[in-house]
Amino acid sequence: MWLTAALSAAGVVTLVLVAVLADLDTADRLASIGGATLAALGLVIAVVQLVRAGGDVPVTGARSVQSGSGIGRAITGDHNRIHGPAPAAQAAPAASTPSNNPPAPGERGVSAAGPVGEAVTGDGNTQQ
């Protein structure tokens, strides 16, 4: 971030100096070339990040639940009887910092970047 701010400030100072010391036509040409170059670089960076992010998405197991944030209640399996409202996902302890990429859960697993209020896995579970 600081490098981008410093480079932007240097570009503005350069354009002002060219406009004052040379002429406005030269400053206009430099600004056009600089803007086009930065736009092209921004496009390349965006495409690279999109391609990179596509390969980092983990594949989850069969009947699994995965979330990039917290989960109140996650239920996998057949013939489960759950009564009552879903619990709210509790706040994570201050020392833990959830990642944006939780590990991929296995079959009927639950994985979340944030806290999980309740996870019921398997078949035929009953809760009141």
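Start with the contacts: among those in the chain that join residues at least 6 apart in sequence, 64% link residues at least 24 apart. Keep in mind that you are looking at a predicted model. Its mean pLDDT is 75, and 78% of the residues reach 70 or more.

Now for the layout. The chain holds 2 helices and 6 strands, and from the N terminus on these run α-α-β-β-β-β-β-β.

Next, the surface. The chain exposes about 9,100 Å², with carbon and sulfur atoms supplying 63% of that area. Of its 128 residues, 15% count as buried. One nonpolar surface patch covers about 600 Å² and is made by V12, V13, V16, L17, V20 and L21. To place it on your screen, look for V13, which lies in helix α1.

Finally, visit G68, in the loop between β1 (65-67) and β2 (71-75). Is G68 buried or exposed? Its relative accessibility is 53%, so G68 counts as exposed, since the cut-off for that label is over 50%. G68 also gives an example of two positions separated in sequence: G114 is 46 residues away along the chain, and the C-alpha atoms of G68 and G114 are separated by 7.3 Å.

Notes: Residues are numbered from 1 along each chain as its sequence is written. This is a predicted model: local features need pLDDT of at least 70, side-chain atom pairs count only at pLDDT 80 or more; totals for chains, interfaces and linings use all residues. Side-chain values use heavy atoms; hydrogens and water are left out. Helices (H or I, at least four residues) and strands (E, at least two) are DSSP runs, numbered from the N terminus. Buried means under 20% relative accessible area, exposed over 50%, partly exposed in between (1.4 Å probe, protein chains only). pLDDT is the predictor's confidence in each residue, from 0 to 100. Patches are made of residues with over 30% relative accessible area and no salt bridge: like charges are joined within 9 Å, nonpolar side chains (Val, Leu, Ile, Met, Phe, Trp, Tyr) within 5 Å. Accessible areas come from the Shrake-Rupley method with a 1.4 Å probe; for residues, only the protein chains shown count as cover. A salt bridge is a side-chain nitrogen of Lys or Arg within 4 Å of a carboxyl oxygen of Asp or Glu. Contact means heavy atoms within 4.5 Å.
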